[in-house]
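Here's a walk through this fold, one piece at a time. Keep the structure open and follow along.

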Amino acid sequence: MAGSGERARHWQYTELPGVDLLRARYIRKTFVRHTHENFVIAAIADGVEIFHHGSGDQYAGAGTLALVNPDTPHTGRAGVPEGWRYGAVYPSPEVVGAIAAETTTIRGTPGFVSPVLDDPYTVALVHQVLRAADEGNALAADTLLRVAVTRLLRLNGGPLPQRAVPTAGRRIAARARAVLEDRMAEPPTLERLAGDLGASPFALLRAFRDAYGMPPHTWLTDARVRRARQLLDAGTAPSEAAVTVGFTDQPHLNRHFSRIVGVPPGAYQRERKNVQDGPRGVRLPSEAWQNRQLSQRTHGPAAREGRTAAVRENPTGPSSGTPSGSGSP
């Protein structure tokens, strides 16, 4: 990836439980249709990302955030030849729910209303969370994450839509999903699955897409990668995880894992192992790369310090979407 100009690091910080972290620059990367169990808060620093969400493509450029609620199908690709650079935090529904209960008046399960938000101030906050986690600054990382999530919920939050009342088609889709989860390594054909559920293949296909936003085979690949992540987190070797979840071999897992998670399974697991082994302090190569990237969009040390001071003095920012004195991180 480094040889192509693309770089990515997907990791966790023990002092931010329930949160995944990502820093990446992609040029030719294409994310296939997939979902996340957690929220996606992606802060675009340079370039443009296009991601299909809902009924159409969404465009997120520098200074904006791409926001995706849990279990919401979406894709991702570059919107300009030079690609896009971003940092992202993936807080769990429990983390976001606890913050919302303490700092907002949102009733029910909280979520994001719009998938793209133009707010350079929060973009800077997200990158400061990543920097603090990289440096092992637990107090700053926890504080800035809570401030960022609170601000996003106040600017762009609301209750997640209630699930529709189950219909016959939705019940069949749920039963099909349960079968695929149980038989992940050896799934039935669409015809066999439909027959066992008392439906026709096309009726099941329509019902499944209506319920989960993707056909059964796409959902199964997504589910396999999700299960593989759990196995890798537990220390299972990538080659063993691949076979366990139903991929033919490790290269098969590598291909799908990278197209959904953004990094190969080996790199993903190494970061998880590093977390379990304890804090490592400042990662100088990663920080140096980040600083080189940041220098392209800043006006010297004084400007960067001014923005940091502004966040410290007024962490939630002004009520408008674009605070004065903020800029790209």
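In which sense do β6 and strand β10 pair, and over how many bridges? The answer is antiparallel, over three bridges, with β10 covering residues 116-118. Before we go on, a word on what you're looking at: this is a predicted model, where local features need pLDDT of at least 70 and side-chain atom pairs count only at pLDDT 80 or more, while totals for chains, interfaces and linings use all residues. Residues are numbered from 1 along each chain as its sequence is written, and side-chain values use heavy atoms, with hydrogens and water left out.

Helices (H or I, at least four residues) and strands (E, at least two) are DSSP runs numbered from the N terminus, and two strands pair if DSSP finds at least two bridges between them.

How enclosed is β6? Buried means under 20% relative accessible area, exposed means over 50%, and partly exposed is in between (1.4 Å probe, protein chains only). Five of the five residues of β6 (residues 64-68) are buried, so the strand is largely enclosed by the rest of the structure. In a regular strand, side chains alternate between the two faces of the sheet. In β6 both faces are covered: Thr64, Ala66 and Val68 are buried on one side, Leu65 and Leu67 on the other.

Next, have a look at Ser92, in the loop between β8 (84-91) and α1 (93-103). Ser92 has 8% relative accessibility, so it counts as buried. Setting aside neighbours within four places in sequence, Ser92 is in contact (heavy atoms within 4.5 Å) with Gly18, Asn38 and Phe39.

Now jump to helix α7, residues 216-233. The expected span of a helix is 1.5 Å times one less than its number of residues. For the 18 residues of α7 that comes to 26 Å, and the end C-alpha atoms are 26 Å apart, which agrees. Its buried residues include Trp219, Leu220, Val225 and Leu232. Just after α7, Gly235 takes a positive phi of about 100 degrees.

Side chains of opposite charge can pair when their charged atoms come close. A salt bridge here is a side-chain nitrogen of Lys or Arg within 4 Å of a carboxyl oxygen of Asp or Glu, and by this rule the count comes to 13. In one of them, Arg229 meets Asp20, with the closest N and O atoms 2.5 Å apart. Arg229 sits in α7 and Asp20 in strand β2 (residues 19-26), so the pair ties together parts that are 209 residues apart in sequence. Arg229 is buried at 18%, and Asp20 is buried at 8%.

Strand β2 also holds Arg23, whose side chain forms a salt bridge with Asp134 of helix α2 (residues 120-135). The N to O distance is 3.2 Å, and the pair ties together parts that are 111 residues apart in sequence. Asp134 is buried at 3%, and so is Arg23 at 4%. These two also belong to a network of salt bridges linking Arg9, Arg23, Asp134 and Glu271.

For a local pair, turn to helix α4 (residues 168-182), where Glu181 and Arg177 are four residues apart, or about one helical turn. Their side chains meet in a salt bridge at 3.5 Å, N to O. Glu181 is partly exposed at 35%, and Arg177 is partly exposed at 25%.
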